[in-house]
Amino acid sequence: MGHSNVSERFSTISAINIVPFKNETREIDWKGLEKNIQFLLKNKLEVIVPNGNTGEFYSLTLEEASSITKEVVRLVDGRATVVAGVGYAVDTAIEMGKVAQKVGANCAMIHQPIHPYVTEKGAIEYFRNIIEALDIPSIIYFKDPNLSDNVLKELAPMEKLVGVKYAINDLPRFAKLVREVPKKHNIAWICGTAEKWAPFFFNAGAVGFTSGLVNLYPEKSFELLTALQEDNKEIIWKAWSELLPFETLRAKNNNGNNVVVIKEAMELLGLTAGITREPVAPLEENDKKELSAILKSWNLTSESLEV
């Protein structure tokens, strides 16, 4: 497929699906994963991202990650754009990307390298080598504030780079970057830090945002997206205020709560999410109480969900 129009698909919400694990064995609950993906499809999510951080990417074996990509592609069956997370060493990421393209994923999302030693030129080569080795287009997940935006400027002309999931909450820096990368490169700028930051990123040039919340409350995420696209300030800030306590709870423990809050909320609402794997522990009791109060304030119950 040509890559020129792929970037246009990201002017929406990128749903980072969760991976349910069984309580006793910590194995993947494949039926639970199916329910999760069907929920996202029923609620008309147009971009689904298996093996994102909300999908606990770094707790998965390489075999599990590839199996998840394959299963998500099968379940989606062409009804949404599937963006498969890949990462680790260059050769490993390429191998994962080739599996993803073979099973029918539309795009790869290259995780930020978690290596303790990264240089600007090294990062450029890391991303470049992976992008060039794949036939499907790629998105870069950019979240290390110590890495220069020159990395993205250098790679932006690549035809197979169609988007950047920018997850550094430095808005002047992001706004400057968007303005310095020529529009002809067709990069879709995506707010990589979800609903809490979406209004600010949109103001600076983002066209979409990532979301874990859509796994349980997609209506509110879409309300925010539509308001952002229509520049309806009243609804933007009303929706943002309602979402803020939830997203703030997820950001607790230096973002350690990110996934477990989503999973606990899903379980409270009768959706299948299971437990988190190490290094994330179950939610603290006081956080559970706060989460229950937030869901109650939204009038969100198992009966009100479009399951």
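Helices and strands here are DSSP runs, numbered from the N terminus, a helix having at least four residues and a strand at least two. With those labels in mind, remember throughout the tour that this is a predicted model.

Begin by selecting P279, which sits in the loop between α10 (258-268) and α11 (285-297). Most peptide bonds are trans, and most residues other than glycine have a negative phi.

Select Y88, in the loop between β3 (81-86) and α3 (90-103), where phi is positive, at about 70°, although the residue is not a glycine. Y88 has a relative accessibility of 30% and therefore counts as partly exposed. Then select A194, which belongs to helix α7 (residues 194-204) and has a positive phi of about 65° without being a glycine. Is A194 buried or exposed? With a relative accessibility of 7%, A194 counts as buried, because buried means under 20%.

Finally, select helix α1 (residues 30-42) together with helix α2 (residues 62-76), whose axes come within 10 Å and cross at roughly 45°. The two helices, α1 and α2, are therefore oblique to each other, and their crossing is right-handed. To see the contact itself, show the side of α1 that includes W30, L33 and I37, and on α2 show residues including I68, V72 and L75. The residues of this contact between α1 and α2 divide into 8 nonpolar, 2 polar and 3 charged.

How values were computed. Residues are numbered from 1 along each chain as its sequence is written. This is a predicted model: local features need pLDDT of at least 70, side-chain atom pairs count only at pLDDT 80 or more; totals for chains, interfaces and linings use all residues. Side-chain values use heavy atoms; hydrogens and water are left out. Axes are lines fitted to C-alpha atoms, for helices over the stretch in contact, and angles run from 0 to 180 degrees between N-to-C directions. Angles under 35 degrees count as roughly parallel, over 145 as roughly antiparallel, 65 to 115 as roughly perpendicular and the rest as oblique. A crossing is left-handed if the near helix is turned anticlockwise from the far one by less than a right angle, and right-handed if clockwise. Contact means heavy atoms within 4.5 Å. Ala, Val, Leu, Ile, Met, Phe, Trp, Tyr, Cys and Pro count as nonpolar, Asp, Glu, Lys and Arg as charged, and the others, Gly among them, as polar. Buried means under 20% relative accessible area, exposed over 50%, partly exposed in between (1.4 Å probe, protein chains only).
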